[in-house]
Amino acid sequence: MSLSKKIDEFLSLNGPAALVIREHLTPVEGEDGVLFPPTYAAQKSGEPGGYNIDTDAQGQSICLIDSVGAQANRIEPMFEEEPYSSLVPQIVVKAGEKEVSIFEAGHRAGDALVRCSELQQTLQDAFKSVLKGDAEPLAKIAPTSLVFGVWDSRDTQAKLPRIIGSTIRAYDVSRLKRSAQFNPATEYVNEGLLPEPADKTAKDAFAERGFIHVPATGSHGGIIAHGGIRRDATLALTAIRRLFAGKDDAKTLKLRRYILGLSLVAFTKNPAGDLRQGCNLVLDPSKPREFVEVLPTGERKPVTFTHEDALAFAQQAAHDFGVGESRVVPFDKQRALKDVSPKDKEEKKSKPKAAKS
Amino acid sequence: MSYLCLTVRLHQPLFHGQRDGGEPEWPPSPLRLYQSLVAAAAAQTPDGDPMAVAGDALQWLERQPAPAIIAAKSRLSVTPYRMYVPNNTADLAASSWSRGATDTITARVEKDIRPLHLIRPADLTEPVLHYLYDIGEAPFPYLEILGRLARSITHLGWGIDQAFGNATLHATMPASQAGEELWLPVIDPTATQLRVPIKGSLLALSAKHGAFLNRLKQDLFHPVPPLTAFQLKGYRPDSLRQAQPFAAFQILTIDGSRMRLFDTTQKSLVVAGMLRHLAGQAAQESRWSDAKISSVIFGHATLRNSNGNQERHVHQHNPQRQESQDIVGPDRLAYLPLPSIEFRGQGLSVGSVRRVLITTFGQGCFEEVAWTRRALNGRDLISEHNGHATGMMASIPNSEKMVQRYTNAANTWATVTPVILPGRDDRNPRKAEKLIRKALLQAGFTEFLAQNAELELRNVSFWPGSDLASHFRVPKHLEAYPRYHVRLKWPALGQEPLKLPGVLCIGGGRHYGLGLFAAERVSE
């Protein structure tokens, strides 16, 4: 069934709960290549941090390669580039020579950066509309906040769940260590170019500046994934069905189709690639991608449309909805100073820790 | 009887939700599910009012007793880690920006993450949670609306725990599948405590949501009061048997100078009988109703006339009782004489009875067990032969070492009094083993435990010092049934040998101490 025929089913109240993609990835070096996962701080001081290698419920080792948040941060900026940029308004905050796109702001439409610009009132009104059951104003200025989730935690408290969640994990992994030795260009101390360091502080200072030999042993050396690497991505259709444009059914349908279009485009574009130094992943040609729709009963049915199909649908839906105006707005010093006024600090002091959702 | 099954499936085999104190919560509490349904109802309408959309259904749901839960088995992450999340406070970032330091984007706060890993079903789809509500036989009017709400759930737990749901009706309680566990609500403060909605939860949630949205009104911070309209309910996996409550006593001589001894083989039944008689006297003095004394203390069945009205109580082995008449359930007291297990020579050996336990094998008379501890302490045991005092009851702590031999968790157990089989074995060992497994089921153990326990049966005791099974005195109505000493080893759960708490007592006559097991090695 073509995508256009599927859309109504996706948006129907009794339609599928979600679309799910499982993509098998491999390091560019080959199946047994060494890849470098992200390192994390330890939860308690004194404990070693490092890679997040855990044991799953079946006892298999499992390593986090890219978290939900990291994947969202990689996917969202795609909407700055052609051909996707025409699907959404381009909102940029300019401060001096620096320009920051709303797609790069940590909290999206709810970020302090955007709040300290002339968009403050517009966004506040948009969030208030969300609370009153109308997400259209927010979709006109920051539609990707609807796709990847947003919480206006510092103002209206409007909160929208993420529609797309994506994670990359490696299975059955071996952890590697590596050691290295830094050799200075010349023997500064032996040659009499520098004095003998008097104490540890002086020695550390020499080491930091590269004047003496510095060994490094037992540091993180990457992993080998014997059980493969997989990206699991979910598009929650239920979350789209919770969007309204007030009580206007026609507008609500256009809004949902627009957000569904953006979600499908983001969902079907492979965000793997050069994740970080030493972690360049590509699709594994020997294992086909699994792409299914999941019904509320848990039943799964294969889905066949492509990224190009999704883009074509998204362009049509964006045209029907009417993409919001792109704007470059200056950073507003006065708003920033007001935002950091003593009143705000007092409020912050008395504010209890936000509950985890 | 029908069951409403609210199902939630998590897209990833992970769960991040936490209970009070930052501890992982599994299974997710019924209140957590309820909150997600209320949020789904609020999202069904532009007005955001859950009452308008599903008020009746949600108010019906909050009044239901705590549901049973079938949940995927879980394993706590062994590698907790810390993430640094951009903190959306403008005071640090904006002040830098206002000074022209545009490199500073924002401050970051620490977020510690330690998820639970969940077992996927056999078909490798999403891990499942079923919340099972007993809705009786009457027509159920809320299936459609609750189904709509369940299908609108977007996550359960943290925001990254994406989920979807559904609602179905079942004629019988669905069974747990491989990799899943059935969690049942229990009356036990040591069980896993989960939040359960109560009458008024819906209104309280709506009020809290309103207060949260308005917490920063008019440039002032208005604290949001915590939710209090819920109750805590103990939950325990069906595979783990609940530790039975008990009251322990030692029997002293009348002058209290030393412990009173009774022969294990011939006098255990006599001790149990005296104890039961004593409990009956105390209950009468405490003005219990005749019916309660009859069923809880004496374990008598109730005869009813043709109109269904209560007629009289009879011993449940009375030939007048017919199958159609009520029989007494497990909610009665059990009187267990405890043979001492002492070091003699090279090892442990079974000695005389010096202590007794009063317990129950059901769930319905925990308070009555606690009552016996107070009511029987210091009372005289009266001989059935001459009506004279023959010993004195003295309460002892549950932590007493000999008591722990019968009550602490252990993997391997052996009988100190023989198990009376619940049927004829025709001298066939296979039949006998099958009957022992049946006795385990009758004693309230799960099918899994009953079928997978390792069993050894024989006439000779597994404990030195104990008599042959055939030598033990048993009640007349049980004399015809085969009896064996049994050694039982619980099956392994994962890589660990399963240890279950006592009191372990099975087979015919278990309410007066026949078929009583003692742990071969006691866990501290």
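**A guided reading of a predicted two-chain model**

Guide: We begin where the two chains meet: Arg300(A) and Glu126(B) bring their side chains together in a salt bridge, with 2.5 Å from N to O. Please bear in mind throughout that the model is predicted.

Visitor: How many salt bridges are there between chain A and chain B, and how many residue pairs are in polar contact?

Guide: The count between chain A and chain B is one salt bridge. For polar contact, the count is nine residue pairs, both residues at pLDDT 80 or more. On the side of chain A that touches chain B, helix α12 (residues 342-350) of chain A gives the most, with five residues. That side of chain A divides into 34 nonpolar, 21 polar and 25 charged residues.

Visitor: What area do chain A and chain B bury between them, and how many residues are in contact?

Guide: The two chains bury about 6100 Å² between them, and 57% of this lies on carbon and sulfur atoms. In terms of contact, 80 residues of chain A meet 64 residues of chain B.

Visitor: How many helices and strands does each chain have?

Guide: Chain A has 12 helices and 18 strands, while chain B has 11 helices and 26 strands. Buried residues account for 54% of the 357 residues in chain A and for 54% of the 524 residues in chain B. Of the contacts in chain B with a separation of 6 or more, 74% join residues 24 or more positions apart.

Visitor: Why may residues three or four places apart in a helix point the same way?

Guide: An α-helix has 3.6 residues a turn, so residues three or four places apart point the same way. In this structure, Glu9(A) and Lys6(A) meet in a salt bridge of 3.3 Å, N to O. They are separated by about one helical turn because they lie three residues apart in helix α1 (residues 3-11) of chain A. Lys6(A) is buried at 10% relative accessibility, whereas Glu9(A) is partly exposed at 28%.

Visitor: Which parts of chain A does the pair Lys251(A) and Glu136(A) tie together?

Guide: Their side chains meet in a salt bridge of 3.8 Å, N to O. Lys251(A) belongs to helix α9 (residues 249-268) and Glu136(A) to helix α5 (residues 136-141), so the pair ties together parts that are 115 residues apart in sequence. Glu136(A) is buried, with a relative accessible area of 16%, but Lys251(A) is partly exposed at 40%.

Visitor: Is Leu146(B) buried or exposed?

Guide: The cut-off for buried is under 20% relative accessible area. Leu146(B) stands at 0%, and therefore counts as buried. It is found in helix α4 (residues 143-150) of chain B. Beyond its neighbours within four places in sequence, Leu146(B) is in contact with several residues, among them Leu4(B), Trp60(B) and Phe140(B).

Definitions and conventions:
Residues are numbered from 1 along each chain as its sequence is written. Chains are lettered from A and ligands numbered from 1 in the order in which they are written. This is a predicted model: local features need pLDDT of at least 70, side-chain atom pairs count only at pLDDT 80 or more; totals for chains, interfaces and linings use all residues. Side-chain values use heavy atoms; hydrogens and water are left out. Contact means heavy atoms within 4.5 Å. Buried area is the accessible area (1.4 Å probe) that two parts lose on being put together, summed over both. A salt bridge is a side-chain nitrogen of Lys or Arg within 4 Å of a carboxyl oxygen of Asp or Glu. A polar contact is a pair of N or O atoms within 3.5 Å; within protein, one must be able to donate a hydrogen and the other to accept it, and residues adjacent in sequence count only if both atoms are side-chain atoms. Helices (H or I, at least four residues) and strands (E, at least two) are DSSP runs, numbered from the N terminus. Ala, Val, Leu, Ile, Met, Phe, Trp, Tyr, Cys and Pro count as nonpolar, Asp, Glu, Lys and Arg as charged, and the others, Gly among them, as polar. Buried means under 20% relative accessible area, exposed over 50%, partly exposed in between (1.4 Å probe, protein chains only).
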